[in-house]
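Work through the exercises below with the sequence and the model side by side. Try each task before reading its solution.

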Amino acid sequence: MIGMNNYLNAYVDRRMKYIVDEWDLSTRTDLMDFTSRLGAIEQEIPQLKSFEQTASDKLTELENRAGKLKGLV
């Protein structure tokens, strides 16, 4: 039984990269990268909220202007 365990462990060790790729498994490096990317996205949220509000205000202003122009024609 110990021989079989050693054989299986050696097989998995040799094939680990292929197993990770085939099963699309996450590695520790992937998770660390994910954490840093998530942090960067979280820092962008306030700027995106500000942009969203500015864009909404401009769109409302353009809609009002378009409505006035339609009324004049």
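The exercises go from overall form to single residues.

This is a predicted model, in which local features need pLDDT of at least 70, side-chain atom pairs count only at pLDDT 80 or more, and totals for chains, interfaces and linings use all residues. Residues are numbered from 1 along each chain as its sequence is written, and side-chain values use heavy atoms, with hydrogens and water left out.

**Exercise 1. Overall form**

Find how many helices and strands the protein has, and compare its radius of gyration with that of a compact globule.

Step 1. The protein has two helices and zero strands. Both kinds of element are DSSP runs, numbered from the N terminus: helices are H or I with at least four residues, strands are E with at least two.

Step 2. H1 covers residues 2-23. H2 covers residues 28-72.

Step 3. The radius of gyration is 28 Å, whereas a compact globule of 73 residues would have a value near 11 Å. The radius is taken over C-alpha atoms, and the globule rule is 2.2 Å times the number of residues to the power 0.38.

Step 4. Along the principal axes, the C-alpha atoms fill a box of roughly 90 × 25 × 15 Å.

**Exercise 2. Surface**

Work out what share of the residues is buried, and find a nonpolar patch on the surface.

Step 1. Of the 73 residues, 1% count as buried. Buried means under 20% relative accessible area, exposed over 50%, and partly exposed in between (1.4 Å probe, protein chains only).

Step 2. The protein exposes about 7200 Å², and carbon and sulfur atoms supply 60% of that area. Areas come from the Shrake-Rupley method with a 1.4 Å probe; for residues, only the protein chains shown count as cover.

Step 3. Met4, Tyr7, Leu8, Tyr11, Val12 and Met16 form a nonpolar surface patch with about 560 Å² of accessible area together. Patch residues have over 30% relative accessible area and no salt bridge; like charges are joined within 9 Å, nonpolar side chains (Val, Leu, Ile, Met, Phe, Trp, Tyr) within 5 Å.

Step 4. Take Tyr7 from this patch. Tyr7 lies in H1 and is exposed, at 51% relative accessible area.

**Exercise 3. Charged pairs**

Locate the two salt bridges of the whole structure.

Step 1. Start with the rule: a side-chain nitrogen of Lys or Arg lies within 4 Å of a carboxyl oxygen of Asp or Glu.

Step 2. Asp21 bridges to Lys17, with the closest N and O atoms 3.1 Å apart. Both lie in H1, four residues apart, about one turn of the helix. Asp21 is partly exposed at 48%, while Lys17 is exposed at 55%.

Step 3. Asp33 bridges to Arg37, with the closest N and O atoms 3.4 Å apart. Both lie in H2, again four residues apart. Asp33 is partly exposed at 39%, and so is Arg37, at 47%.

**Exercise 4. The loop**

Which residue other than glycine has a positive phi, and where is its place?

Step 1. Phi of Asp24 is near 50°.

Step 2. Asp24 sits in the loop between H1 and H2. Asp24 is exposed, with a relative accessible area of 67%.
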